[in-house]
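Reader: I would like to learn how to read side-chain features from a model. Please take them one at a time.

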Amino acid sequence: MASITFEHLNKHYPNGFVSVQDLSLHIEDGEFVIFYGPSGSGKSTILRMIGGLEEITSGKIYLGEDLLNEISPRDRSLAMAFQNYMLYPHMSVYDNMALGLKLRNLPRVVIESRIKKAAEFFNLSDVLDKKLRIVTDTQKQRTALGRAIVCHPQILLVDEDFARQNDDRRKEMLHDIQKINEELYITVLYATNNIEEAKSLNKRIIYM
């Protein structure tokens, strides 16, 4: 687990638009925190700055005691679940989940162990060998989450567009990320523009 701390965080764009203005906030180890606000309020931008997908205009972001401003995106101990799953339909569920681990050149026995545990966690054991294009949308969504957790991140960032499907799959996704938070003790930051959804999760809400 790890805490996240923002110190006077700002994001200004060249056209003059201010997305995030002087944000100072501390998120505890293992918390599930919701960023709620309308489109353009900066909630997704905050997640993207944590992940290194957006440059920080000024201010600091700490992961525990580590200053993320000085750490390259690929070396940050976090995982992101954004709009595009970035999965490969011609590959199996197993290979999709293992891709990041293979890029890190981890031993095969470690990769197999982690994939097995993730598959059991997400109830994907029976479809590991199936091509991604033939599994259900729920299984694709869980494959994306499985690929995230096998890297053992300290933080999971989830953008509302990750759950852009129908209401049933959105509820399944919310159940899955709560399970990740509660059973794997991974800190979760979730951005949404649905206030009823935000309240239903019964977690700390940051209003943007």
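Author: Start with contacts, bearing in mind that this model is predicted. Leaving aside residues up to four places away in sequence, arginine 76 touches Met49, Ile50, Gly51, Gly52, Leu68 and Ile71. Arginine 76 itself belongs to the loop between strand S5 (66-67) and strand S6 (78-81).

Reader: Is arginine 76 buried or exposed, and which side chain of opposite charge is nearest?

Author: A salt bridge needs a side-chain nitrogen of Lys or Arg within 4 Å of a carboxyl oxygen of Asp or Glu. Arginine 76 is buried but has no salt bridge, and aspartate 75, the nearest side chain of opposite charge, is 8.4 Å away.

Reader: Which backbone oxygen does the side chain of arginine 76 reach?

Author: That of isoleucine 71, at 2.9 Å.

Reader: How many aromatic pairs does the structure hold?

Author: Three. To classify a pair, look at the angle between the planes: over 60 degrees counts as edge-to-face. The planes of tyrosine 36 and tyrosine 207 are at 80°, so this pair is edge-to-face, with ring centres 5.8 Å apart.

Reader: Which parts does the pair of tyrosine 36 and tyrosine 207 tie together?

Author: Tyrosine 36 is in strand S3 (residues 32-36) and tyrosine 207 in strand S9 (residues 204-207), so the pair ties together parts 171 residues apart in sequence. Tyrosine 207 is exposed, its relative accessible area being 53%.

Reader: Where does the charged end of lysine 11 sit?

Author: Over the ring of tyrosine 13, 4.9 Å from the ring's centre. Lysine 179 lies over the face of phenylalanine 121, at 4.4 Å from the ring centre.

Methods: Residues are numbered from 1 along each chain as its sequence is written. This is a predicted model: local features need pLDDT of at least 70, side-chain atom pairs count only at pLDDT 80 or more; totals for chains, interfaces and linings use all residues. Side-chain values use heavy atoms; hydrogens and water are left out. Rings of Phe, Tyr and Trp (its six-membered ring) pair if their centres lie within 6.5 Å; planes under 30 degrees apart count as stacked, over 60 as edge-to-face and the rest as tilted. Helices (H or I, at least four residues) and strands (E, at least two) are DSSP runs, numbered from the N terminus. Buried means under 20% relative accessible area, exposed over 50%, partly exposed in between (1.4 Å probe, protein chains only). A charge sits over a ring if NZ of Lys or CZ of Arg is within 6 Å of the ring centre and within 35 degrees of the ring normal. Lys and Arg count as positive and Asp and Glu as negative; His and the chain ends are not counted. A polar contact is a pair of N or O atoms within 3.5 Å; within protein, one must be able to donate a hydrogen and the other to accept it, and residues adjacent in sequence count only if both atoms are side-chain atoms. Contact means heavy atoms within 4.5 Å.
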